[in-house]
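Reader: Could you take me through the reading of a few features, giving the general idea before the case at hand?

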Amino acid sequence: ETPIMVTRSSLPPLEEYVEMLKPIWESAWLTNMGEYHEELKRQLKRFLKATELELFVNGHMALELALQAMNLQGEVITTPFTFASTTHAIVRNGLTPVFCDINDRDYTMDAEKIEGLITEKTCAIVPVHVYGNICDVDRIHEIAQKHGLKVIYDAAHTFGVTYKGRGVATFGDASMFSFHATKVFHTIEGGAVCFNGEQNGLKEDLYGLKNFGIRNEVVVDAVGANSKMNEFQAAMGLCNLRHLDGEIEKRSRVVARYREHLNGVPGIKLVQPQKDVKPNYAYFPVVFDETVLGYGRDDIYEMLKQHDIFTRKYFYPLTSEFQCYSDRYDAKDTPVALETSKRVLTLPLYADLDLSDVDRICELILGYRA
C-alpha cells in the first residue's frame with residue numbers, strides 16, 4: 001500500500017498552474033515584486049481582512065524581519081511549544097526569549113501566566129496560534145495595553161481562521177503567516193506579515209528590510225535581508241487561493257471522521273472546537289495518556305510507522321530543550337508544555353486523505369495493545 005504521510009501538499013490542476021507561468025516567460029520578470037506578487041498581496045489582504053500585508057520568501061524571514069522592523073530590545077515573552085522558527089527569530093534579533101507555559105485545552109500560551117513574567121526588560125509578547133487554535137487574543141490585548149508591550153503573533157497555523165467574524169490577521173501589532181508547502185494555503189515556500197497601516201513607517205521598513213535595506217536607488221538605510229517572494233511562488237498562491245474553500249471543506253470531513261472514532265475514548269484527548277472560531281482544520285493533534293492506556297505516544301508512533309503511516313511528534317522537543325539553548329533554560333519551568341510535548345502526536349491530515357484511510361488509522365490506534 002502507498003505510505004500515508006502526516007501531510008501532503010494541496011496542488012491546483014497542473015494545466016492551471018502552467019497557464020499562469022506563460023506571462024512570466026513572456027515578461028521574463030521572475031522576481032522583485034512583479035505583477036503576480038502584487039496581485040497576490042491584494043487578494044490576500046482581502047481574504048485575511050488585513051489592513052496591510054507584505055509578502056516574504058518564507059514565514060521565518062517574515063517573522064524575523066517583523067521583529068527587526070519594530071526595533072525591539074530586551075526580553076520577549078513567548079512559548080516553547082512551537083516550531084524552531086519562532087524562538088530562533090527572536091534570538092537572531094538579539095532578543096531574549098522568556099518562556100511562558102501553555103494551557104492544557106488548546107495548547108496556546110496561558111494568558112494568565114504572562115503578567116508574572118513581565119519585567120522592566122520586557123518589550124514584546126510573541127504568542128503562537130497552535131494547530132489552527134487561536135490564542136486568548138482578548139486577554140493578551142488587555143495585558144499588552146496595560147504594560148505598553150508590542151504583540152507579534154506567530155499565526156503560521158491559522159491562515160483563514162476567524163474569531164467572532166474578525167480575521168485572525170487583525171490581532172496584535174502584527175501577525176506572521178507561513179505559506180510553506182505543508183500548510184493549508186501555500187505558495188510552495190512563502191510567508192506574510194499582516195499589520196495595521198497606522199503604525200508609523202512599518203510598511204516601508206518591512207518592504208526595505210526584505211530587499212537588503214534598500215530604500216531607493218542610492219539610499220540603503222538598514223541592514224536588511226533578501227527575502228522577496230518570487231513570481232513562481234506568487235502564481236502558485238493565486239492558484240491555490242481559488243481552490244482554498246474546497247480544500248478546507250475536504251479537511252473538515254477528515255477531522256470529523258477522526259472525531260467519530262476517537263472522541264470520548266479514555267486516555268485519548270482531543271482538542272475541542274473553540275467558541276466563536278471558524279477553523280481551518282490545519283492539524284489533528286492527539287494526546288495519549290500512558291497512565292490510563294498502559295502505553296504511550298511513542299508506542300503508537302512506532303506502531304503506525306510499521307504500517308507505513310507516518311505521524312509527527314509536533315511539538316517535540318520544546319524549543320527550550322534544544323541543544324543550542326540547553327544551558328539557558330529549564331523545561332520544567334513550563335510543566336504543561338513539557339508534559340504535552342511528551343504525549344502529543346499529530347495524525348495524518350490533508351485534503352485528499354481518503355476517509356477509509358482515516359478509518360484504518362483509528363482502528364490501528366484503538367486496537368493497539370502494549
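This is a predicted model: local features need pLDDT of at least 70, side-chain atom pairs count only at pLDDT 80 or more; totals for chains, interfaces and linings use all residues.

Reader: Which strands pair with β8, and in which sense?

Author: Strands (E, at least two residues) are DSSP runs numbered from the N terminus, and two of them pair if DSSP finds at least two bridges between them. Here β5 (residues 150-154) runs parallel to β8 over three bridges, with Tyr153 bridged to Ser175, whereas β9 (residues 191-195) is antiparallel to β8 over five bridges, with Ala174 bridged to Phe195.

Reader: How many residues of β8 are buried?

Author: A residue is called buried under 20% relative accessible area, exposed over 50% and partly exposed in between, with a 1.4 Å probe and protein chains only. In β8 (residues 174-178), five of the five residues are buried; Ala174, Met176 and Ser178 point one way from the strand, and Ser175 and Phe177 point the other way.

Reader: Where does asparagine 280 lie, and what does its side chain reach?

Author: A polar contact is a pair of N or O atoms within 3.5 Å; within protein, one must be able to donate a hydrogen and the other to accept it, and residues adjacent in sequence count only if both atoms are side-chain atoms. Asparagine 280 sits in the loop between β11 (277-278) and β12 (284-288), and it counts as buried because its relative accessibility is 1%. Its side chain reaches the backbone oxygen of phenylalanine 159 at 3.1 Å, and a polar atom of that side chain lies 3.0 Å from the backbone oxygen of histidine 157.

Reader: Which residues line the largest cavity?

Author: On a 1 Å grid over the protein atoms alone, a cavity is a set of points where a 1.4 Å probe fits but cannot get out, and lining residues have an atom within 4 Å of a point. Grid points are joined across faces, edges and corners, and a volume is the space filled by probe spheres set on the points. The structure has one cavity of 30 Å³ or more, and the largest holds about 30 Å³ of space. Its lining consists of Arg8, Ser9, Ser10, Glu247, Tyr350, Ala351 and Asp352.

Note on methods
Residues are numbered from 1 along each chain as its sequence is written. Side-chain values use heavy atoms; hydrogens and water are left out. On a 1 Å grid over the protein atoms alone, a cavity is a set of points where a 1.4 Å probe fits but cannot get out, and a pocket is an open set with protein on both sides within 12 Å along at least five of seven lines; lining residues have an atom within 4 Å of a point. Helices (H or I, at least four residues) and strands (E, at least two) are DSSP runs, numbered from the N terminus.
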